[in-house]
Amino acid sequence: MGRLPSNKYAAVCAAGHCEVYVQAGAGVRVRRGDRWQVYCPADAPREGGAAAVQPADAGTDGFAANRFAGPCMECSVQVGAGSGVLVPDDNGKRAVQCPVCQAVAFRCERWDDSDQFGTNPWITDAVPPGCAATISLRILALNRECWKCKASTVCVVGLYPSRPARTDRWARWVDEDTRAWVKPLLAGAQLEGIAESIKPRWSSTVNGRYLSNGGQRCDALQGDFPVEEEASDLVREDGVDALDTLLSAQVPAPVWQRVVHGERGSGSSLLM
């Protein structure tokens with residue numbers, strides 16, 4: 001048997017005692033009966049064993065090693081040549097997918113009620129080699145009439161990459177967790193009035209307090225449901241540019257990827 005080829009897939013190591021997630025380009029792939037299985041470097045079968053191996057240049061179910069630099073098709077984080085994979089998009093063209101989005105997609109396809117991936121977070125603070133550590137995001141706002149005092153008020157409603165991939169078309173809704181880290185960015189950009197209007201308020205709709213948008217004049221709660229509905233209507237009609245851009249800020253890539261995918265791959269609401 002020849003030397004085991006590099007693995008072009010992403011998968012959990014096939015060794016029964018191992019739960020390591022193997023990125024594409026790491027480990028080896030080995031023929032076991034009628035299936036190809038991926039092993040991490042520590043548990044890879046040694047040369048001379050009985051397993052047959054797939055040729056190194058064989059097909060990979062539409063995935064291919066990425067030789068180009070470009071934004072990830074899902075999160076728009078910049079990916080260098082040699083990192084991530086090329087994946088067919090909805091139009092049949094190939095686009096770059098970063099290792100983080102690749103791992104989340106793999107887990108979502110194989111997740112079940114037993115949650116075989118354990119309790120560890122799906123997205124860590126570690127940035128994969130060859131990927132940008134930060135991304136420039138537009139913080140989007142909706143200027144609307146306050147329901148209480150009728151004055152014009154600014155609500156922070158969305159996030160969108162300053163340089164999106166052609167496949168990344170929609171802004172993400174700003175939820176309570178996201179407002180927590182957006183607020184100091186606004187304050188640091190001398191938008192203190194808007195930053196101070198984001199604070200915990202009681203909502204009879206949700207029967208609790210949450211970090212919310214508020215009127216800049218009367219401080220009345222601007223509820224998530226009507227604000228998101230109004231913002232989504234504008235985006236559907238005229239695109240992301242129908243909303244105001246308060247500022248563009250550099251944000252750690254893992255922070256943004258948690259907005260895109262959620263902590264467990266659930267994803268965030270889209271303004272569409």
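Trainee: Which residue forms a salt bridge with Asp 89?

Mentor: Look for a side-chain nitrogen of Lys or Arg within 4 Å of a carboxyl oxygen of Asp or Glu. In this predicted model, the partner of Asp 89 is Arg 166, with the closest N and O atoms 2.7 Å apart. The pair links distant parts of the chain, 77 residues apart. Asp 89 sits in the loop between strand 8 and strand 9, and Arg 166 in the loop between strand 11 and strand 12.

Trainee: Is Asp 89 buried or exposed?

Mentor: Buried means under 20% relative accessible area. Asp 89 has 9%, so it counts as buried. Arg 166, at 47%, counts as partly exposed.

Trainee: How many salt bridges does the count give?

Mentor: The count comes to 9. One of them joins Arg 179 and Asp 224, at 2.6 Å from N to O. That pair also links distant parts of the chain: Arg 179 is in helix 2 and Asp 224 in helix 4, 45 residues apart. Arg 179 is buried, because its relative accessibility is 0%.

Trainee: Which residues are linked with Arg 201 in a network of salt bridges?

Mentor: Lys 199 and Asp 219. Between Arg 201 and Asp 219, the closest N and O atoms are 2.7 Å apart. Arg 201 lies in strand 13 and Asp 219 in the loop between strand 14 and strand 15, so the pair ties together parts 18 residues apart in sequence. Arg 201 is buried at 7%; Asp 219 is partly exposed at 33%.

Trainee: Back to strand 8 and strand 9. In which sense do they pair?

Mentor: Antiparallel, over 4 bridges. Leu 86 stands opposite Val 96 in strand 9. The two strands form a hairpin with 5 residues between them. In the turn, Gly 92 has a positive phi of about 85°.

Trainee: Now helix 5. How many of its residues are buried?

Mentor: A helix has 3.6 residues a turn, so residues three or four places apart point the same way. Helix 5 is mostly covered, though: 8 of its 9 residues are buried. Among them are Pro 254, Trp 256 and Arg 258. The buried residues pack against elements including helix 1, strand 10 and helix 2. Gly 262 follows helix 5, with a positive phi near 80°.

Trainee: Which residues does Thr 124 touch?

Mentor: Pro 254 and Arg 258, leaving out residues up to four places away in sequence. Thr 124 is in the loop between helix 1 and strand 10. Its side chain reaches the backbone nitrogen of Ala 126 at 3.3 Å. At 44% relative accessibility, Thr 124 counts as partly exposed.

Notes:
Residues are numbered from 1 along each chain as its sequence is written. This is a predicted model: local features need pLDDT of at least 70, side-chain atom pairs count only at pLDDT 80 or more; totals for chains, interfaces and linings use all residues. Side-chain values use heavy atoms; hydrogens and water are left out. Buried means under 20% relative accessible area, exposed over 50%, partly exposed in between (1.4 Å probe, protein chains only). Contact means heavy atoms within 4.5 Å. A polar contact is a pair of N or O atoms within 3.5 Å; within protein, one must be able to donate a hydrogen and the other to accept it, and residues adjacent in sequence count only if both atoms are side-chain atoms. Two strands pair if DSSP finds at least two bridges between them.
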